[in-house]
Amino acid sequence: MKQLVNLFVSVLVLSAVLLFATYRLNASEGYSGGNTLTIFNWGDYIDPDLIAEFEEQTGITVIYQTFDSNEAMMTKIEQGGTTFDISVPSDYAISKMKEDRLLLPIDHAKLPNLKHIDPRFMNLSFDPDNAYSIPYFWGTVGVVYNRELVGDHEFTSWNELWDPALHNDILLVDGAREVMGMGLNSLGYSLNDKNEEHLQEAKRKLNELTPNVKAIVGDEIKMLLANEEAAAGVVWSGDAAEMMWENENLDYVVPEEGSNVWFDNMVIPTTAKNIEGAHEFINFMLDPEIAARNTEYVGYSTPNAAALALLPEDISGDERFYPAPELTDKLEVYDNLGKRMLSHYNELFLEFKMHRK
Amino acid sequence: MTKSRNLFLVPYLAWMVLFVVAPIVLIAYYSLFDVDGRFTFDNYTKFLSPVYLQMTLNSFWYALLITVFSLLVAYPTAYFLTRTKHKSLWLLLIIVPSWINLLLKAYAFIGIFGTYGFANKVLELAGIGTKQILFTDFSFVFVSVYIFIPFMILPVYNALDELNPSLIYASRDLGASPWLTFRKVVFPLTLEGVKAGCQAVFIPALSLFMITRLIAGNRVITLGTAIEQHFLVTQDWGMGSAIAVVLIIAMAVIMILTGSGKRGALHGSQ
């Protein structure tokens, strides 16, 4: 009994000490109120030096929090409770948040640096006239492959993944849209196709891929491919860049039949308190010099034309991450298919996962 | 007297209603609506489609495998534990790994089982050569068994510890072989502990999800995986709830089938 009491007392004391320490730390860093800005971003998706610079320039204290999926982020914002002044959802999530009235309109007059964004990345289907969102980074879905392990494949076509020589040697990212999209694209259909026959055909085609699929995984795919656990993988370009830094044998390609192009845009959610500061932050991130530094740090593709011009040729000229217009024209954004169709895509993806070798 | 006693019941009843009854009722309620929020029984008809029935079969099959292997490892372990000198030390050593976060353990196994991991190095040295271990049925069952073993050992250990040794001596004195003694005396007397252990393993194993992706690479799809998908990705809460309702019913049936008799094993030794 006495031990039990001791246990509880020590837990309580420890908690109290930690609480006090947190409070003191926050107070000493100026988090206790006043001019703060809470940013909710993907993990490792900004150059931390830039946050310090922004704080210095504006006198605003930044509180930085991270999330690891659009769904988790949306759930947290929907619940309210926490003040988030800025978030960075992807295209389809923006469309959904708009539908659910979770976004505040953005005042373009307060963003003089908006003119630097390449018009190609403005006014896209998920947010006409960029009323609610401003481009941050963009990328594609493609194939990462290990030159040493795949023979003479270059994956200019999705269909090369079906080669029996790659038996049990392919990793797929665990996303219904990505994998179904790959199936549809490999047949020459749109990755937003709603035609039932096309979808069934895509699923049958994916079932034939099963013998080659070693695993369908989440974020671990970066670690697994960098460790040469498999010869090739279907991934997002940003993850590909990260893997290629770790393993020189890896290369990335977007197959010619077309693929997905995605956009992560900055938005101001309805939970925002510091709307003025949020605009200041967005404008700061749009500054060509700042955006260029951020791009060098993060490694994704920047939509900022002026920033791209400032980047060294080996980044800006890399066609794997800044594909030529002939290819980008074939890339498609995920449409918000609506709950019913999305659920059907997931159902088909589940059936594909269930298909055994 | 009875009145004040009833008053003491209020917090417990409130707890039960708020955190046990209400969530189950909510799940049952949600399971009757489709993605567009219309009232329907479609989720249950969908559950009867081959895809979900196959998934149910898979879940039960793997949960059964995990339970059987856990028991096979745990029973002898528990038995030897009761014979050792420093019982509580050994017991502690078995429990300590369960203090480590499940995800961390899963990630560690990715490293151990990988193509260039420790397990394959050993196979290589043994002259067997590199094999695919990660993302197979074997790795899935192995890691799950590893995770669940403490839950099986504890009740079995308690049951064995309570067993009066004179019963074993008596059996041996009367000429029973060790195997016969085990079959006719030890095992029947520890059956309650085995049942409790099987429940503690089988039921959570039915709804495993993270490991199906991390260790089995989504080559094993259980009902738990499907629930996670429906709630987090598809946002088809209706279908997710319908699967959950089926699981709850299945678990209740298992509890009723295995839960009869006294529960001495769960109380353990004082």
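Student: How far apart do the C-alpha centres of domain 1 and domain 2 of chain A lie?
Tutor: Let's start with the setting: this is a predicted model, in which local features need pLDDT of at least 70 and side-chain atom pairs count only at pLDDT 80 or more, while totals for chains, interfaces and linings use all residues. Residues are numbered from 1 along each chain as its sequence is written, with chains lettered from A and ligands numbered from 1 in the order in which they are written. Chain A is divided into domain 1 (34–137 + 264–316) and domain 2 (139–261 + 323–354), bounds that come from an automatic or database domain assignment. The separation of the C-alpha centres of domain 1 and domain 2 of chain A is 27 Å.

Student: Which helix gives the most to the side of domain 1 of chain A that touches domain 2 of chain A?
Tutor: Two residues are in contact if their C-beta atoms, placed from the backbone, lie within 7 Å. The contact takes 11 residues from domain 1 of chain A and 9 residues from domain 2 of chain A. Helices (H or I, at least four residues) and strands (E, at least two) are DSSP runs, numbered from the N terminus. With 4 residues, the helix that gives the most to the side of domain 1 of chain A is α4 (residues 91–99) of chain A.

Student: And by class, how many residues on that side of domain 1 of chain A are charged?
Tutor: Nonpolar means Ala, Val, Leu, Ile, Met, Phe, Trp, Tyr, Cys and Pro; charged means Asp, Glu, Lys and Arg; the others, Gly among them, are polar. On the side of domain 1 of chain A that touches domain 2 of chain A, 5 residues are nonpolar and 4 polar, and the number of charged residues is 2.

Student: Why does the radius of gyration of chain A agree with that of a compact globule?
Tutor: The radius of gyration is taken over C-alpha atoms, and the globule rule is 2.2 Å times the number of residues to the power 0.38. Chain A has 357 residues, so the rule gives a value near 21 Å, which agrees with its own 23 Å.

Student: What share of the residues in chain A is buried?
Tutor: A residue is buried if 20 or more other C-beta atoms (placed from the backbone) lie within 10 Å of its own, exposed if 12 or fewer, and partly exposed in between. Chain A has 14 helices and 10 strands, and its C-alpha trace spans about 65 × 60 × 40 Å along its principal axes. Of its 357 residues, the buried share is 43%.

Student: At what angle do the axes of α3(B) and α10(B) cross?
Tutor: Axes here are lines fitted to C-alpha atoms, for helices over the stretch in contact, and angles run from 0 to 180 degrees between N-to-C directions. The axes of α3 (residues 50–83) and α10 (residues 191–206) of chain B come within 9 Å, and their crossing angle is roughly 145 degrees.

Student: How many charged residues does the contact of α3(B) with α10(B) have?
Tutor: Residues in this contact include B:Ala63 and B:Ile66 of α3(B) and B:Val201 and B:Phe202 of α10(B). By class, the contact of α3(B) with α10(B) has 10 nonpolar and 4 polar residues, and the charged count is none.

Student: Which element of chain A gives the most to the side that touches chain B?
Tutor: In the contact between the chains, 21 residues of chain A meet 24 residues of chain B. On the side of chain A, the elements giving two or more residues are β7 (213–217) and α14 (339–354). By class, that side has 7 nonpolar, 5 polar and 9 charged residues. With 9 residues, the element that gives the most is α14(A).

Student: Is A:Arg101 buried or exposed?
Tutor: A:Arg101 sits in the loop between α4 and β4 (103–104) of chain A, and its phi is near 55 degrees, a positive value in a residue other than glycine. Most residues other than glycine have a negative phi. Because A:Arg101 has 8 other C-beta atoms within 10 Å, it counts as exposed.

Student: What is the phi of A:Glu228?
Tutor: A:Glu228 lies in the loop between α7 (220–226) and β8 (232–236) of chain A. It has 16 C-beta neighbours inside 10 Å and therefore counts as partly exposed. Although A:Glu228 is not a glycine, its phi is positive, at about 60 degrees.

Student: Which residues does A:Tyr322 touch, not counting those up to four places away in sequence?
Tutor: A:Tyr322 is in the loop between α12 (313–316) and α13 (325–328) of chain A. It is partly exposed, because 16 other C-beta atoms lie within 10 Å. Not counting residues up to four places away in sequence, A:Tyr322 touches A:Ser301 and A:Ser316.
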